[in-house]
Amino acid sequence: MYRIAPSILSANFARLGEEITQVIASGADWIHFDVMDNHYVPNLTIGPLVCEAIRPVTQATIDVHLMVKPVDRIIPDFARAGANVITFHPEGSEHIDRSLGLIRESGCQAGLVFNPATPLHYMDHVMDKLDVVLLMSVNPGFGGQKFIPETLNKLRAARDRIDAYEAKTGRRILLEIDGGVKVDNIAEIARAGADTFVAGSAVFGAGKDGDPNRYDSVIRALRAELATVGA
Ligand code: DX5
Ligand code: ZN
């Protein structure tokens, strides 16, 4: 019903494989993989090589969030590297419909990402090509930022569009949220309509590095909060 997707942006990259094994063993569902290019966003992270390296470490869904421009060139590389879900920002593509098609043709699930100021209408004419809608609740580029409260209104609006589409077609599109998700706000975010939750600093920042129990307790706390949300 709800998916928790720790963002490895806040993991210890010196021991990334172990971090992934541990976070999945602690009950996480997806691995959120943030790709930044120092062009579309003012930071530089990891590429297909790292995705390929972690692929054998886990069976979990690898959720690749592309904060890059242009986006098309790199899509097949991530598909080959073992990505399951690939999302991108409409501002990163000259042809949104074509980029979504390219992701699906590469064998992955496709999604669009909306920055805090990016209007939702970008999804209107491509619903059939969407598997995931991702709303940014911070401006992309860095982990550890504060959740922007206006995102709750935007989530409700996105939920309405997705529900209307599902009622008409029977096809489900996931609604994912990314940025500043914590134990103390996840329930409110779920009530606004999100079903998939990226959490970077909240998960990887929990407890002391090297403590195998540190992810269990934070993921349990996130799920306990989600359990308070009525269907
Ligand atoms: C921000 C990234 C996020 C980030 C979330 O540009 O897309 O995935 O890692 O980190 P937290 O949960 O710390 O806000
Ligand atoms: Zn992300």
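Biologist: How many helices and strands are there in the chain?

Modeller: This is a predicted model, and its chain holds eight helices and eight strands. The radius of gyration is 16 Å, close to the 17 Å that the globule rule gives for 231 residues, so the chain is as compact as a globular protein of that length. Along the principal axes, the C-alpha atoms fill a box of roughly 45 × 40 × 30 Å. Of the 231 residues, 54% count as buried.

Biologist: Which residues coordinate the zinc ion (ligand 2)?

Modeller: To read a metal site, list the donors and then turn to the geometry. His32 (NE2), Asp34 (OD), His65 (ND1) and Asp178 (OD) coordinate the zinc ion (ligand 2), at 2.0 to 2.2 Å. Around the zinc ion (ligand 2), six donor atoms subtend angles of 69 to 170 degrees, which makes the arrangement octahedral.

Biologist: How are the donor residues of the zinc ion (ligand 2) spaced in sequence?

Modeller: The spacing is H-x1-D-x30-H-x112-D. Histidine 65 belongs to strand β3 (residues 61–67) and aspartate 178 to strand β7 (residues 174–178), so this pair ties together parts that are 113 residues apart in sequence.

Biologist: Are histidine 65 and aspartate 178 buried or exposed?

Modeller: Both histidine 65 and aspartate 178 are buried.

Biologist: How many cavities of 30 Å³ or more does a search of the whole structure find?

Modeller: The general idea is that rolling a probe the size of a water molecule over the atoms shows where empty space is left. Here the search finds one cavity of 30 Å³ or more. The volume of the largest cavity is about 200 Å³. Its lining consists of 24 residues, and Phe142, Gly143, Gly144, Asp178 and Gly179 lie nearest the centre. Two or more lining residues come from each of the elements β2 (30–36), β3 and β8 (196–199).

Biologist: What is the lining of the largest cavity by class?

Modeller: The lining of the largest cavity has ten nonpolar, eleven polar and three charged residues.

Biologist: How much space lies in the largest pocket, and which residues are closest to its centre?

Modeller: The largest pocket holds about 190 Å³ of space. Twelve residues line this pocket, and Met1, Tyr2, Arg159, Ala194 and Asp195 are the closest to its centre. By class, six residues of the pocket lining are nonpolar, two are polar and four are charged.

Biologist: Let us turn to the backbone. Which residues does a cis peptide bond join?

Modeller: In general, most residues other than glycine have a negative phi, and most peptide bonds are trans. In this model a cis peptide bond joins lysine 69 and proline 70, with omega at about 0 degrees. Proline 70 is placed in the loop between β3 and α3 (75–80).

Biologist: What is the phi of asparagine 38, and where is its place?

Modeller: Asparagine 38 has a phi near 60 degrees, a positive value in a residue other than glycine. Its place is in the loop between β2 and α2. Asparagine 38 counts as exposed, because its relative accessibility is 52% and the cut-off for exposed is over 50%.

Biologist: Where does valine 57 lie?

Modeller: Valine 57 lies in the loop between α2 (48–54) and β3. With a relative accessible area of 35%, valine 57 is partly exposed.

Definitions and conventions. Residues are numbered from 1 along each chain as its sequence is written. Chains are lettered from A and ligands numbered from 1 in the order in which they are written. This is a predicted model: local features need pLDDT of at least 70, side-chain atom pairs count only at pLDDT 80 or more; totals for chains, interfaces and linings use all residues. Side-chain values use heavy atoms; hydrogens and water are left out. Donors are N, O and S atoms within 2.8 Å of the metal (3.2 Å for Na, K and Ca); water is not among the atoms, so sites may look incomplete. Four donors count as tetrahedral if all angles lie between 85 and 135 degrees; four count as square planar and six as octahedral if opposite donors are over 155 degrees apart and all others between 65 and 115; anything else is irregular. Helices (H or I, at least four residues) and strands (E, at least two) are DSSP runs, numbered from the N terminus. Buried means under 20% relative accessible area, exposed over 50%, partly exposed in between (1.4 Å probe, protein chains only). On a 1 Å grid over the protein atoms alone, a cavity is a set of points where a 1.4 Å probe fits but cannot get out, and a pocket is an open set with protein on both sides within 12 Å along at least five of seven lines; lining residues have an atom within 4 Å of a point. Grid points are joined across faces, edges and corners, and a volume is the space filled by probe spheres set on the points. Ala, Val, Leu, Ile, Met, Phe, Trp, Tyr, Cys and Pro count as nonpolar, Asp, Glu, Lys and Arg as charged, and the others, Gly among them, as polar. The radius of gyration is taken over C-alpha atoms; the globule rule is 2.2 Å times the number of residues to the power 0.38.
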